[in-house]
Amino acid sequence: MAHERRFNAAMAGKLENPDRLQWLPPAEVVAALNVKPGEVIADIGAGTGYFALPIARAARPGGKVYAVDAQAEMLSLLGAKLADGAADRIELIRAEADATGLPAGSCDLVFMANVWHEFDDRVAVVKEAQRILRAGGRVAILDWRPDVEPEYGPPLEHRLAPGDAVEVLRAAGAAQLASTNIGKYSWLVTGVFPDAFA
């Protein structure tokens with residue numbers, strides 16, 4: 001369901017701005033995710049693949065990324081970037097974050113970048129993350145800091161503090177919760193779901 005907080009696919013060019021590599025370095029984020037070879041990762045709100053592509057590289061050999069996005073335009077742009085070698089490691093899935101259609105217990109990590117503030121029902125999104133995670137699976141939520149000037153990203157009134165993500169994850173049963181700032185404008189909250197929910 002589209003609404004005013006969802007990123008407009010017509011502005012996808014902003015996602016390819018070379019300056020973004022400076023203020024949100026993909027390598028720094030992927031390192032913080034601790035992706036291991038062979039892992040299966042769901043990148044929820046994958047957009048044009050800013051993170052999906054480096055995550056897929058980090059999960060080699062044997063790993064896979066489900067690039068999930070509600071907007072067909074975004075997935076089309078990502079699909080155009082897939083070289084022959086990446087095509088078998090990244091599967092494009094058009095779906096909403098709270099109904100991905102992915103198999104239960106299929107993922108080691110659910111990653112959401114710059115979409116947490118867009119969700120109407122963040123509890124439902126986390127329930128879906130739990131469903132698709134294996135026991136001991138991780139959730140990582142990256143979003144815009146509300147305490148920095150909005151030179152990039154959504155307006156301040158759309159941004160949420162990292163404590164919001166921590167609270168929702170804790171209420172859902174996540175453990176080992178951690179929060180840190182990353183890049184120039186972002187926070188990253190991580191947690192582990194010790195039990196399977198399938």
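Strands β1 and β2 run parallel and are joined by five bridges. Strands here are DSSP runs of E with at least two residues, helices are runs of H or I with at least four, and both are numbered from the N terminus; two strands pair if DSSP finds at least two bridges between them. The model is a predicted one, in which local features need pLDDT of at least 70 and side-chain atom pairs count only at pLDDT 80 or more, while totals for chains, interfaces and linings use all residues. Residues are numbered from 1 along each chain as its sequence is written, and side-chain values use heavy atoms, with hydrogens and water left out.

Back to the strands. Right-handed here means that, with the strands pointing away from the viewer, the path from the first strand over the helix to the second runs clockwise. Strand β2 (residues 64-69) has five of its six residues buried, so it is largely enclosed by the rest of the structure. Buried stands for under 20% relative accessible area, exposed for over 50%, and partly exposed for what falls in between, using a 1.4 Å probe and protein chains only. On to β3 (residues 90-94): five bridges join this strand to β2, again in parallel, and Tyr-66 finds its bridge partner there in Glu-91.

Strand β1 (residues 40-44) also runs parallel to β4, with four bridges between them. Here Asp-43 sits opposite Phe-111 of β4. Phe-111 in turn stands opposite Ala-140 in β5, as part of a parallel pairing of β4 and β5 that spans six bridges. Strand β4 (residues 107-113) is mostly covered, with seven of its seven residues buried. Together with helix α6 (residues 122-132), β4 and β5 form a right-handed β-α-β unit.

Next come the aromatic rings. A pair of aromatic rings is described by how far apart the centres are and by the angle of the planes. Rings of Phe, Tyr and Trp (the six-membered ring for Trp) pair if their centres lie within 6.5 Å; planes under 30 degrees apart count as stacked, over 60 as edge-to-face, and the rest as tilted. Searching the whole structure turns up seven aromatic pairs. One of them is the tilted pair of Trp-23 and Trp-144, with 5.7 Å from centre to centre and 45° between the planes. Trp-23 belongs to helix α1 (residues 20-23) and Trp-144 to strand β5 (residues 133-144), so this pair ties together parts that are 121 residues apart in sequence. Both tryptophans, Trp-23 and Trp-144, are buried. Trp-23 also meets Tyr-185: the ring centres are 5.3 Å apart and the planes are at 80°, so this pair is edge-to-face. Tyr-185 lies in the loop between β6 (175-182) and β7 (186-193) while Trp-23 is in helix α1, so the pair ties together parts that are 162 residues apart in sequence. Tyr-185 is buried, as is Trp-23. Ring pairs link Trp-23, Trp-144, Tyr-152 and Tyr-185 into a cluster.

A charge over a ring turns up too: Arg-20 lies over the face of Tyr-50, at 3.9 Å from the ring centre. The rule for this asks for NZ of Lys or CZ of Arg within 6 Å of the ring centre and within 35 degrees of the ring normal.

As for charged pairs, a salt bridge is a side-chain nitrogen of Lys or Arg within 4 Å of a carboxyl oxygen of Asp or Glu, and by this rule there are six salt bridges. Among them, Glu-39 pairs with Arg-138, their closest N and O atoms being 2.9 Å apart. This pair links distant parts of the chain, as Glu-39 is in the loop between α2 (26-33) and β1 and Arg-138 is in strand β5, 99 residues apart. Both Glu-39 and Arg-138 are buried. Another salt bridge brings together the side chains of Arg-131 and Glu-128, at 2.8 Å from N to O. Both residues lie in helix α6, three residues apart, which is about one turn of the helix. Arg-131 is partly exposed, at 26% relative accessible area, whereas Glu-128 is buried, at 8%.
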